[in-house]
Amino acid sequence: LFWVTGIASNLIGLPLAFALIRYILAVIMLIALWHVLGHIFTDAFWRKTAYAFALLGAGFGWIFWVLGKFIPVFSRLYSTDLTYSLGYTLFGTLSFPLSIAGQALFLIALLLFLRYMEKPTLRNLILFAFVILLQFFTHLISSIAFVPIFIVGMALYFYENPFRETWNKLKPIILAFIGVAIAVGLYLFWAMQDMVFQQIFITYGSWIRSESVFWWILGYGLILVFGLLGLRHLKIEKPMMRSIFWAWLITIIFLSLNPWKGMRFQFALFIPLIILATTGLQVFHSHLSHWFPKNFFANRRHLVLGLLLFMLPGIFLTIYTHARDVTNPQFQYSGSYLSQDEVDALTSLQTKPSAVVLSSYKLGNNLIWMTHHYAYLGHWNQTLDREAKEINVQKLFENQLSLEEKKLFLVSNRIRYAIITKTETSNEIIPPELGKKIYSNSSLEIYEVDCSCESGLKEII
């Protein structure tokens with residue numbers, strides 16, 4: 001996905017390429033989701049209902065946000081459906097292209113798997129194996145989450161059906177999984193010989209976050225309530241789809257509850273919950289129309305519309321909080337949005353020869369796509385020894401290093417340019433002995449390190 005984005009960004013620019021690829025992936029995912037729902041709901045109305053809930057579903061977050069404006073204690077409650085970057089809802093997933101790609105590839109693989117079970121041709125088998133392999137190279141977390149679903153689903157199918165007949169159907173699929181596993185294993189064995197890949201792989205795996213299950217009540221809201229009601233009543237006619245669905249639900253709940261990286265798998269839980277919630281809503285409607293036949297909500301269209309209107313503020317609030325946060329300089333993701341001074345400073349480096357640039361994390365993360373230079377401290381997963389480099393940058397910017405220590409640091413890391421926030425003492429960070437100021441605006445300064453410093457490096461060491 002990064003490779004495709006890189007090619008597209010060379011043609012139309014990164015911001016447009018990023019947005020365009022995200023929309024294309026979202027359309028593919030939503031088309032695949034519509035077809036998957038067709039394997040579960042035979043009634044067109046409930047299929048459309050599940051689809052609408054998947055697109056617009058949200059939890060109780062907006063209620064407590066409103067209450068918090070009047071009763072401060074409610075503002076302390078954290079509702080995960082408003083965490084747009086981590087995918088507690090499908091709408092939240094749409095802000096993260098890798099999660100979109102992961103969901104889309106899983107849904108496509110599921111459709112190909114079901115097609116193979118109905119029509120076991122070599123073409124369908126190869127397409128299924130290819131999509132599974134592509135998922136590994138596109139979004140590793142999705143592979144870790146979704147591949148076990150197929151394995152557990154096939155185990156459930158074995159349990160419910162005669163072994164010999166089941167084995168004859170699933171043997172090619174099992175061999176395909178083995179083939180994909182061998183291909184992935186060989187790739188990892190080859191790639192792990194590279195020290196850079198090792199470090200990136202380790203850094204990628206170091207991200208730890210999980211959420212308490214108690215927040216699920218707020219994060220999923222009525223979806224969880226109706227989902228629990230639907231647990232006893234869900235009926236899926238196709239045996240393999242039934243096995244895959246229960247494997248999907250059980251596997252993702254298990255992965256989501258692990259205390260190390262549970263949050264990474266949360267995005268995969270929303271769709272099965274929507275399926276259960278839609279089933280629960282059918283049951284609720286049948287009882288409601290039986291007990292109160294003249295009630296306004298006894299009409300299923302009125303009931304569904306009322307629930308959608310109830311959840312819709314959560315979507316609008318998610319958009320609002322996103323817009324609010326990215327304009328807040330203290331927000332952790334504000335680094336994706338640059339001020340005009342920052343854009344001008346980076347643009348000024350375009351005329352300079354390629355070199356290593358020292359800057360804040362925010363500027364370093366944008367430097368690599370806005371210029372032809374190299375960032376000393378850039379993207380968290382693409383920067384080797386990131387923690388040590390952050391400490392080094394902090395010490396330099398806070399002027400904690402002696403002149404000789406600064407010289408050793410700058411020269412040993414081949415730093416040619418330094419972008420520094422403009423203050424009354426910023427000229428002391430890179431003193432005249434080490435470099436000269438080549439650019440300045442109202443908030444930033446750029447210094448060019450004197451190459452002659454390299455001659456003194458051996459003496460320092």
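This is a short walk through the fold, from the whole chain down to single residues.

The model is predicted. Its protein chain has 461 residues, and buried residues make up 46% of them. The secondary structure comes to 20 helices and five strands. Contacts reach across the sequence. Of those with a separation of 6 or more, 65% join residues 24 or more positions apart.

Start with helix 6, which covers residues 97–118. This helix has 22 residues. From first C-alpha to last, helix 6 reaches 31 Å, close to the 32 Å expected at 1.5 Å a residue. Helix 6 is also mostly covered, with 19 of its 22 residues buried.

The largest nonpolar core holds 88 residues. Helix 6 gives the most to this core, with 14 residues. The residues with the most contacts inside the core are Leu107, Leu110, Phe113, Phe128, Phe150 and Trp248. Take Leu110 as an example. Leaving aside neighbours within four places in sequence, Leu110 is in contact with Val36, Phe150, Met241, Ile244 and Trp248. A second core is separate and has 16 residues. Leu377, Leu396, Ala418 and Leu434 are among them. As background, nonpolar side chains in soluble globular proteins tend to be buried together.

Ser99 is found in helix 6. Is Ser99 buried or exposed? Its relative accessibility is 6%, so Ser99 counts as buried, the cut-off being under 20%. Beyond its neighbours within four places in sequence, Ser99 is in contact with Thr93, His139 and Phe267. Leu25 sits 74 residues away from Ser99 along the chain, yet their C-alpha atoms are separated by 9.7 Å.

Next comes a helix pair. Helix 12 covers residues 222–230, and helix 14 covers residues 270–291. Their axes come within 6 Å and cross at roughly 70°. Helix 12 and helix 14 are therefore roughly perpendicular to each other. On the helix 12 side, the contact is made by Ile223, Phe226, Gly227, Leu229 and Gly230. Helix 14 brings Phe270, Leu273, Ile274, Leu276, Ala277, Thr279, Gly280, Leu281, Val283 and Phe284.

Finally, follow the chain around helix 19, residues 403–412. Asn399 lies in the loop between helix 18 (386–397) and helix 19. Asn399 is not a glycine, yet has a positive phi of about 60°. This residue is partly exposed, with a relative accessible area of 31%. Helix 19 itself has buried residues: Lys406, Lys407, Phe409, Leu410 and Val411.

Just after helix 19 comes Arg414. Arg414 is found in the loop between helix 19 and strand 3 (415–421). Phi of Arg414 is near 55°, a positive value in a residue other than glycine. How far is Arg414 covered, or is it exposed? With a relative accessible area of 67%, Arg414 is exposed, because the cut-off is over 50%.

Conventions
Residues numbered from 1 in each chain as written. Predicted model: local features only at pLDDT ≥ 70, side-chain atom pairs only at ≥ 80, totals over all residues. Heavy atoms only, no water. Helix = DSSP H or I, 4+ residues; strand = E, 2+ residues; numbered from the N terminus. Expected span 1.5 Å × (residues − 1). Buried < 20%, exposed > 50% of the residue type's maximum accessible area, 1.4 Å probe, protein only. Axes fitted to C-alpha atoms, helices over the stretch in contact; angles between N-to-C directions. Parallel < 35°, antiparallel > 145°, perpendicular 65-115°, else oblique. Contact = heavy atoms within 4.5 Å. Core = buried A, V, L, I, M, F, W, Y, C linked by side-chain atoms within 4.5 Å.
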